[in-house]
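Dear colleague,

Please find the structure below, followed by an account of what was found in it.

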Amino acid sequence: RVDLWNASNLKFGDEFLGELRLPLKFLRQSSSYEAWYFLQPRDNGNKSLKPDDLGSLRLNVVYTEDHVFSSDYYSPLRDLLLKSADVEPVSASAAHILGEVCREKQEAAIPLVRLFLHYGRIVPFISAIANAEVKRTQDPNTIFRGNSLTSKCIDETMKLAGMHYLQVTLKPIIDEICQVHKPCEIDPVKLKDGENLENNRENLRQYVDRIFTVITKSGVSCPTVMCDIFFSLRESAAKRFQGDLDVRYTAVSSFIFLRFFAPAILSPNLFQLTPHHPDPQTSRTLTLISKTIQTLGSLSKSKSANFKESYMATFYDYFNEQKYADAVKNFLDLISSSGRRDHKSIEQPILLKEGFMIKRAQGRKRFGMKNFKKRWFRLTNHEFTYQKSKGDHPLCSIPIENILAVERLEEESFKMKNV
């Protein structure tokens with residue numbers, strides 16, 4: 001069944017033009033089959049209509065039949081591909097060779113990522129091919145900039161593993177931008193009658209600020225598999241270019257900002273954040289936001305030089321403060337710190353949350369009191385500690401790797417808040 005729709009703006013939704021139904025037996029013939037069909041109303045394939053009532057459609061249908069055998073037929077190939085992460089050098093592995101053979105790297109990346117994700121082998125595989133690519137890279141500024149098998153595999157992994165992460169981080173604010181239609185055009189040439197450039201700049205600045213904040217505060221929600229990949233990218237890059245202190249950030253930001261958040265803001269429909277392509281005005285607003293977020297995330301030295309348009313460079317001056325670069329670095333530190341690493345190799349623990357809570361003593365002694373005490377708690381990516389008050393020496397410290405579960409406490413049981 002083929003439906004024909006006319007894409008229209010968000011307010012009214014797409015417009016249904018007609019459908020046609022084709023019996024597959026025609027398409028199974030070995031030679032190509034040509035015919036003209038009239039578009040029909042919905043679910044009304046049998047009634048014939050006068051040719052003038054509906055438009056005509058020229059259609060090229062390609063029908064392919066695939067024969068899929070039971071899985072044991074494929075086990076030798078599957079095992080060969082899954083061994084790829086352990087092959088030295090990785091360029092001799094089956095998965096890498098598949099990437100070289102395919103005309104489009106994407107064609108190899110999609111099935112490989114699904115296979116490795118399913119068997120829990122995606123991190124070692126991507127670490128191996130990324131490490132090989134970093135060794136071949138001569139200039140730290142061009143790290144992961146090409147459309148290599150590594151880039152395509154990481155893109156595909158982020159799309160599969162990070163879909164829910166995008167939904168919780170960006171969807172609420174993107175929905176608002178699509179519904180409210182605030183004017184955000186900052187190009188003086190494109191201003192509509194009655195629009196004020198300063199007001200538009202302020203509208204856009206608020207949107208960029210809000211999106212930047214939700215992204216840089218979302219590190220804790222970043223999927224583990226993505227964090228583990230970013231950890232290995234960071235380690236490879238820092239080892240290869242020891243003189244460049246920023247390379248451990250740019251290696252990660254070139255994926256999370258340039259190839260994940262910025263494209264999702266630019267085309268939310270491709271990342272299932274909106275059902276349809278946004279209308280032209282909203283699309284323009286999202287383009288301006290995406291450009292700014294991409295530049296903020298890139299941490300390059302001369303930001304204003306990144307923009308061909310002078311109005312973008314002027315707008316970017318709002319964000320030329322150190323606090324934005326610091327927030328990006330904190331975020332990148334957090335999402336590229338893996339659970340399986342030597343803590344001492346990371347200079348500074350990253351604070352996730354702190355504040356007062358009520359702690360109940362365990363009453364370990366036979367006549368010990370199960371009393372309640374107010375304590376200052378701190379959670380970092382290294383440990384969970386508490387002390388009498390902020391800045392005091394910790395009374396107790398629990399390493400993150402020793403925390404195996406977290407359970408919600410029913411506060412009604414104790415008639416107290418924040419226990």
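How many helices and strands are there in the protein? There are 13 helices and 6 strands, where helices (H or I, at least four residues) and strands (E, at least two) are DSSP runs numbered from the N terminus. This is a predicted model, in which local features need pLDDT of at least 70 and side-chain atom pairs count only at pLDDT 80 or more, while totals for chains, interfaces and linings use all residues. Residues are numbered from 1 along each chain as its sequence is written, and side-chain values use heavy atoms, with hydrogens and water left out.

Of the 419 residues, 39% count as buried (under 20% relative accessible area; exposed is over 50%, partly exposed in between; 1.4 Å probe, protein chains only). The accessible surface comes to about 25,500 Å² (Shrake-Rupley method, 1.4 Å probe; for residues, only the protein chains shown count as cover). Carbon and sulfur atoms account for 52% of that surface.

The largest nonpolar core has 80 residues; such a core is a set of buried Ala, Val, Leu, Ile, Met, Phe, Trp, Tyr and Cys residues joined through side-chain atoms within 4.5 Å. Helix α10 (residues 247-266) supplies its largest share, 11 residues. Leu 170, Phe 230, Ile 256 and Leu 332 touch the most other members. Beyond its neighbours within four places in sequence, Leu 170 is in contact (heavy atoms within 4.5 Å) with residues including Ile 211, Phe 261 and Leu 273.

Leu 24 lies in helix α1 (residues 24-27) and is partly exposed, with a relative accessible area of 40%.

Kind regards
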